[in-house]
Amino acid sequence: MISALLAFVASPSGPDGLGAPSLLLDQGKLLSVTEGHADLAMYDLDGDGAKDMIVGQFKDGLVRFYKNHAEKGSPKFEGFEYLKAAGAEIKIDAG
Ligand SMILES: [Ca+2]
């Protein structure tokens with residue numbers, strides 16, 4: 001089974017602090033995980049001032065890192081790499 005990951009980011013422009021959602025794309029295409037569901041968080045993992053996207057995928061419990069290449073404005077992603085610790089891919093068991 002293939003599932004698509006649809007992600008929305010709100011800009012802090014509305015009265016409730018949220019703006020209109022915008023669809024996040026990777027290289028112009030919808031983000032997709034290989035199998036099952038996924039969850040994401042936005043965090044500046046590499047410390048360059050732009051929030052990157054961290055995606056936990058169900059298949060194999062791997063964690064994806066999408067570096068944000070945008071200097072300002074909407075995030076721009078150009079692929080991902082799996083996060084590693086001590087040279088091995090990080091795997092988080094379900095349940
Ligand atoms: Ca960053």
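Buried residues, defined as those with 20 or more other C-beta atoms within 10 Å of their own, where C-beta atoms are placed from the backbone, make up 14% of the 95 residues in the protein. The structure is a predicted model, in which local features need pLDDT of at least 70 and side-chain atom pairs count only at pLDDT 80 or more, whereas totals for chains, interfaces and linings use all residues. Residues are numbered from 1 along each chain as its sequence is written. The mean pLDDT, the predictor's confidence in each residue on a scale from 0 to 100, is 81 for the protein, and 83% of the residues reach 70 or more. Over residues 6-10 pLDDT stays under 50, and for this segment the model has 15 contacts beyond four places in sequence, a contact being a pair of residues whose C-beta atoms, placed from the backbone, lie within 7 Å.

The secondary structure comprises zero helices and eleven strands, with helices (H or I, at least four residues) and strands (E, at least two) taken as DSSP runs numbered from the N terminus. Of the contacts in the protein with a separation of 6 or more, 36% are accounted for by residues 24 or more positions apart.

Strands β6, β7, β8 and β9 form, in that order, an open sheet of four strands with antiparallel pairing, where two strands are taken to pair if DSSP finds at least two bridges between them. The edge strands of this sheet are β6 (38-43) and β9, each of which pairs on one side only. Strands of a sheet pair through backbone hydrogen bonds, either parallel or antiparallel. Six bridges join β6 to β7, and across this pair A38 stands opposite Q57 in β7. Strand β7 (residues 52-57) is in turn joined to β8 by four bridges, again in the antiparallel sense; the bridge partners in β8 are R64 for V55 and Y66 for M53. The hairpin of β7 and β8 has five residues between the strands, and within this hairpin D60 takes a positive phi near 65 degrees. Two bridges pair β8 with β9, also antiparallel, and F65 stands opposite E81 in β9.

In a regular strand the side chains alternate between the two faces of the sheet.

Beyond β8, the loop between β8 (63-66) and β9 (81-82) holds A70. This residue counts as exposed because it has 11 C-beta neighbours inside 10 Å, the limit for exposed residues being 12 or fewer and the values in between those for exposed and buried being termed partly exposed. When residues up to four places away in sequence are not counted, A70 touches A50, P75 and K76. Of these, A50 is 20 residues apart from A70 in sequence, and the C-alpha to C-alpha distance between A70 and A50 is 7.3 Å.

Note on methods
Contact = placed C-beta atoms within 7 Å.
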